[in-house]
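Here's a quick tour for anyone about to set up calculations on this one. Have a look at the model first, then come back for the highlights.

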Amino acid sequence: MNAQSPEYESLWSDTLKAMQESLPPQEYELWFSALQLESVEEEEIRLTVPDSLHRDRFSQKYLNKLQGILSDLTGTKVRLSVSIRKQATGSRALVPETHRKALPKKKTQVPPTLSADYTFERFVIGENNSFAANAARAISKNPGKAYNPCLIYGGVGLGKTHLLQAIGNDVYREFPDLKIAYVTAETFTNEFILSIGQQKTHQFKNKYRSVDVLLIDDIHFLPGKKGTQEELFHTFNALHDSNKQMVFTCDRPVSELRELTDRLKSRFSMGLNVDLQPPEYETRVAILRKKIEEKGVDVPADVIELICRNIRTNVRDLERALTNLLAYADLVNAEINLEVAQRRLQDHFSSPEQKNIPVELIQRVVAEYFSLSHTDMKGNRRTKAIAFPRQLAMYITREITEFSTTEIGNAFGGRDHTTVMHACQKVQDKIRTDDTLEPTIQYLIRSIKGHGS
Ligand code: ADP
Ligand code: MG
């Protein structure tokens, strides 16, 4: 902005204030938030807006009125002009969200909040993820009609964000008229809080209740956030009532989210729930090959094998190992071979047998997962909310360490070894009746091992 005189600037802001007071807040926001003051000359104030549609409607609706206010304030006639401003890169945000709908559609390949890398073409399907991937594909071919709502859950680095955004990208391409919102639960929460502070909650509501496809990533961020949960609950109902597609991701089955209201839990789990498991060896190889191909580099087969045999946790870790290796080879101008890889990736490979994972670490990870304190793991309280996580922690300790049941009992507040055996039995029984438990246990074990390395 290159307005010449501060006096005129304040004159202009007074004009805007008067305008704002005379309009419903939503309307003001819609038409004036994208307006910029370009320059102030003696008898002319120049304004800019993002596009011609905005310019035409704006001029038609408000120009006379603004001029009236201005001449009231100055006592003389001031000319007002509105032109289209040159778009700086990334300036799409200047267009108020609520207005986007009305703008002529000039589609690029990817909607602004999505990454172009996350497509179905780039997603390798294996046994571990085929259910989720196929559901995601079906949704993107038929938004609002197949599997609605859908929840994709699984541990870190297994492709939740990739699939969720692939849905967004695909719908964007196939159904250009549909309005898509992709947002992480964290951003959703922050935006909501911000809208309260700025007294713009109605706009927030509008924004999310007017979409055709709502994609919310990482809803495990929501527990404890009461107000946001309430808001999301109503958003959910509004969209569901009008058959709008919703897809969510979560790092665990929704039933395991504590401090999430029951009614929201039931909403999340009412449609299709699909899980992502860690990829098995063959899929890891296929994924790594794909990443290598995408980067256009050469990596010998024995190196690929080495990486995939040693990294079993998740795809992100696989990618990291590859990136690290490529960066190294590039840096020292070395050829990538088995020796280099072995030396270089030592730190990425966790030893296959981690005999002595501290029990304390297991207790902490399990406690944290269930929002309990570490002392609950060792204490005497027997409410179900504590007793089961405690039993689970004992079971996991038995599974992944070499400690005896006596040692485990001791570590859990001096319990008898028969208590530990009983706990393990209970968990085993429950695994048989509760489908979500095994994935949860695998997730916890991965988290525990992740902490150790
Ligand atoms: P999450 O959201 O579950 O933590 P991401 O979706 O961020 O995981 O995936 C982590 C990384 O692994 C991303 O770069 C993603 O592209 C990649 N990835 C995950 N699963 C696959 C797959 N099946 N095929 C190709 N890439 C994958
Ligand atoms: Mg993610």
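This is a predicted model: local features need pLDDT of at least 70, side-chain atom pairs count only at pLDDT 80 or more; totals for chains, interfaces and linings use all residues.

Sorted by class, the residues lining the largest cavity come out as eight nonpolar, four polar and three charged. The structure has one cavity of 30 Å³ or more, and the largest cavity holds about 80 Å³ of space.

**The cavity**

- A total of 15 residues line the largest cavity, and Gly154, Gly155, Pro439, Tyr443 and Arg446 are the closest to its centre.
- Two elements, strand S4 (150-154) and helix H20 (437-452), each put at least two residues into the lining of the largest cavity.
- H20 is the top contributor to that lining, with four residues.
- Where does the largest cavity sit relative to the domains? Its lining takes residues from both domain 2 (120-276) and domain 4 (359-452), so the cavity lies between them.
- As background, rolling a probe the size of a water molecule over the atoms shows where empty space is left.

**The ligand site**

- There are 18 residues around ligand 1, and the ones that come nearest are Val124, Gly157, His162, Arg316 and Glu319.
- By class, the shell around ligand 1 splits into seven nonpolar, six polar and five charged residues.
- Domain 2 (120-276) and domain 3 (281-350) each provide at least three residues of the shell around ligand 1.
- On the helix side, H6 (160-174), H11 (281-295) and H13 (315-332) each supply at least two residues of that shell.

**Polar contacts to the ligand**

- A nitrogen atom of ligand 1 is 2.8 Å from a backbone N or O atom of Val124.
- Gly159 also uses its backbone: one of its polar backbone atoms is 3.1 Å from an oxygen atom of ligand 1.
- Lys160 comes in with its side chain, placing a polar atom 2.8 Å from an oxygen atom of ligand 1.
- How much of ligand 1 does the protein bury? Taken alone, ligand 1 exposes 560 Å², and the protein buries 94% of that.

**Backbone details to check**

- For context, most residues other than glycine have a negative phi, and most peptide bonds are trans.
- The peptide bond joining Asn148 and Pro149 is cis, with omega at about -5°.
- Asn243 has a positive phi, near 55°, and is a residue other than glycine.
- You'll find Asn243 in the loop between helix H9 (226-241) and strand S7 (245-250).

Key: Residues are numbered from 1 along each chain as its sequence is written. Chains are lettered from A and ligands numbered from 1 in the order in which they are written. Side-chain values use heavy atoms; hydrogens and water are left out. A residue is near a molecule or strand if one of its heavy atoms lies within 4 Å of it. A polar contact is a pair of N or O atoms within 3.5 Å; within protein, one must be able to donate a hydrogen and the other to accept it, and residues adjacent in sequence count only if both atoms are side-chain atoms. Accessible areas come from the Shrake-Rupley method with a 1.4 Å probe; for residues, only the protein chains shown count as cover. Ala, Val, Leu, Ile, Met, Phe, Trp, Tyr, Cys and Pro count as nonpolar, Asp, Glu, Lys and Arg as charged, and the others, Gly among them, as polar. Domain bounds come from an automatic or database domain assignment. On a 1 Å grid over the protein atoms alone, a cavity is a set of points where a 1.4 Å probe fits but cannot get out, and a pocket is an open set with protein on both sides within 12 Å along at least five of seven lines; lining residues have an atom within 4 Å of a point. Grid points are joined across faces, edges and corners, and a volume is the space filled by probe spheres set on the points.
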